[in-house]
Amino acid sequence: MMIWPLVKKEILDLLRDPRIILGMIILPLVMFGVLGEVMSYGTQQAIYVAQPTNMRIAVIDEDHTNASEDLISYLKSITRETVILRNIPNDPGSFAEDNGYTGVVVIPPGFDYNLSKGLPGRVIVYTYMEEVSIAEASRVTSLVGLVSGYGGIVKSKFASHVNVSTDFLNSPVWVTGIVSMGGKHYSSAQVNALTGLLFSIVFAPLIVVGYASQIAATTMGVEKEEHTLEVLLSLPLNRQSIVVAKLSGSIVISILATLGLSGGLYLYIDSVGGLSGAGGMPLDLMRNVLTPYSLATITIALIIGVILATSLSMLLGIFGKDVRSSQSMAGIIWTLVFVVGYGLAMIQFSTLSNSMKYVIAATPLAAPVLALKLSMTGINEYVWISILFHIVETVLVLYALSKVISSEILITGLGLWDRVKRVRKIRSRRVR
Amino acid sequence: MNKETAVKVNGLHKIYPSGVHAVEGLSFNIDKGEIYALIGPNGAGKTTTLRIIATLIKPSNGKVNIFGVDVLDNPNEVRKMISYLPEEAGAYRNLKGIEYLKFMAGFYSRGSRSPEDIAGEAAEISGLGERLLDKIKTYSKGMKRRLQIARTLAPHPMLAILDEPTSGLDVMASMEIRDTIKKYREKYGITILLSSHNMLEVEYLSDRVGIIFKGKLLAEGAPSDILERTGAHNLEEAFRFLIREVGA
Ligand SMILES: Nc1ncnc2c1ncn2[C@@H]1O[C@H](COP(=O)(O)OP(=O)(O)O)[C@@H](O)[C@H]1O
Ligand SMILES: [Mg+2]
């Protein structure tokens, strides 16, 4: 086949460029390794809180009947601890959060009456979410599921009744979940919708930052490839102004991309949200969740994220010898954004140690995702710490850029690869 | 006569980051208004030397100054005096020729000359006529080179640095460019430093030549002086003679 030499040339051509190997093979390997660790940590958190034997719940029995007693002993048998309270606390969800309970279960009057009439018995479960994360959502879901699970026992007891309703047969125990989060109350279905939403919108900063980074990374690569760089660098203009011009160009384009993306995302949430049956469209939910303050914070975090990503990408892209290798350098940023986005959505930030929180806040490009994630429960100081870190990082990167642009690296490269090869050659000569 | 010195290169060395020692102790001076050609085979170090003078890369050792301004200490000042034509200069492909000339002229306008004046003059030098209204990506190699020569000379720089100005061009196009270069020196007193591996071409064009080989200067002087000294008929022969002399 005549095609083989061509294929061979294509592959060799790609593999000969260390930047492509770095950007496209080694980095994703490392990054996804890290992501895997983070994911499994997040999943472990979720599994842990979902285990009934790890749950500590408070029960308020307002029915005082055999049926309610039976439900309580069922709960006692499967949870780590079930504590009986006399009165319903003011805000049961926050009460649970403050006192280390997984949730507060209220059995209202009429529970036994309903069951004896062949109607579903009602139970209210109050719990909380510290933040929107898989682990937190899984606590809500499993607590609600735990109480609903009692329905199976009820069914076998009462199924012999002649006049049971179909509602009863479907779910003999009706559990209403009420979740307090960031000082507001949501149904458990709404909470699930929000969690799903978070997973779809962590892509938003991802895409915007990705655009910005691609544009910025290739801007120098294009000049090299088209041989316009040498002319540009010999012009009577300040080298820094080249950086500023190129960055502004990339940032303007990225902001346009952000606008387009926000519009698309709005439509997306609107139509996907319609399917969730979460009691209110997710957009209304979002409006409810996002205060002007948190929206402003997200915007600031996104803008600083875009600026950091553009300057970082331009810095990395400078070391590419052409558009292709600059792009693979920008792949580093993509991977970073991807790992940060998914990792942060998975993990429960609020339970991390303080030093871990700082590490995450300082991770480049974490700020927009962190702002988005924490906005639902109320922006906290870590978002601002993260934004501050990003500003410092941006300043450092801009400084490095201004150093590189006024050096000769743009023309000569670093020659690292040649140096490695030279050392190897000398070694192999010695061996012989 | 006490001529002003345009370019002073003294003990210049360049070692690239990769370890290649491209220039090894080069020294030469160029007078104001002179056409000076660096000639030598591929890889001799011509481009490297011109890049240093054009402030694109830095000398590893030695001194270079342009009209008294040091390229390392004050590259921004040097850039105001020079205009550089790289060996492989490209232009922004999606611009029209005339747009490119205007864009470039914008950087050089000062004093009495507006960007429009400079761009207009560049359009004339280029000789591209109506084709200036087409996008650059539709140009042939020769047309692109003429566009580049035009944008380099039109601002009347104090020093024009031309790396292989006629490389890859046919005989007619090369001759036109050589004539333009000569004309500009005569008309505006521009100092011109060019490089070429075509030794016959520089014989016609330059006042003085420096023959370089492996980063070192083998000989320097007016073409006729070099021919006389080496007893050769043309610079090519002279070059072969000089190489044999250094035992390369
Ligand atoms: N960017 C670079 N990195 C490493 N070596 C280079 C680079 N550019 C040129 N060289 C080497 O420097 C030497 C001189 O090259 P150059 O100045 O381009 O010669 P010329 O222009 O006379 O053909 C050659 O050996 C060349 O391979
Ligand atoms: Mg050359």
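Visitor: Where does A:Arg16 lie, and how do you know what counts as a helix?
Guide: A:Arg16 lies in the loop between helix H1 (3–15) and helix H2 (18–50) of chain A. Helices (H or I, at least four residues) and strands (E, at least two) are DSSP runs, numbered from the N terminus. Mind you, this is a predicted model: local features need pLDDT of at least 70, side-chain atom pairs count only at pLDDT 80 or more, and totals for chains, interfaces and linings use all residues. Residues are numbered from 1 along each chain as its sequence is written, chains are lettered from A and ligands numbered from 1 in the order in which they are written, and side-chain values use heavy atoms, leaving out hydrogens and water.

Visitor: Is A:Arg16 buried or exposed, and what makes it so?
Guide: Buried means under 20% relative accessible area, exposed over 50%, and partly exposed in between (1.4 Å probe, protein chains only). A:Arg16 comes out at 59%, so it counts as exposed.

Visitor: Which residues coordinate the magnesium ion (ligand 2), and what makes an atom a donor?
Guide: Donors are N, O and S atoms within 2.8 Å of the metal (3.2 Å for Na, K and Ca); water is not among the atoms, so sites may look incomplete. Here B:Thr47 (OG1) and B:Glu87 (OE) coordinate the ion at 2.0 to 2.6 Å. B:Thr47 sits in helix H1 (residues 46–53) of chain B and B:Glu87 in the loop between strand E6 (82–85) and helix H3 (97–108), so the pair ties together parts 40 residues apart in sequence.

Visitor: Do B:Thr47 and B:Glu87 count as buried, partly exposed or exposed, and why?
Guide: B:Thr47 has 18% relative accessibility, so it counts as buried. B:Glu87 has 33%, so that one is partly exposed.

Visitor: Why is the contact between A:Lys246 and A:Glu223 called a salt bridge?
Guide: The term means a side-chain nitrogen of Lys or Arg within 4 Å of a carboxyl oxygen of Asp or Glu. The closest N and O atoms of A:Lys246 and A:Glu223 are 2.9 Å apart, so the pair qualifies. A:Lys246 is in helix H12 (residues 239–276) and A:Glu223 in helix H10 (residues 203–225) of chain A, distant parts 23 residues apart.

Visitor: What makes A:Lys246 and A:Glu223 buried?
Guide: A:Lys246 has a relative accessible area of 15%, so it is buried. A:Glu223, at 6%, counts as buried too.
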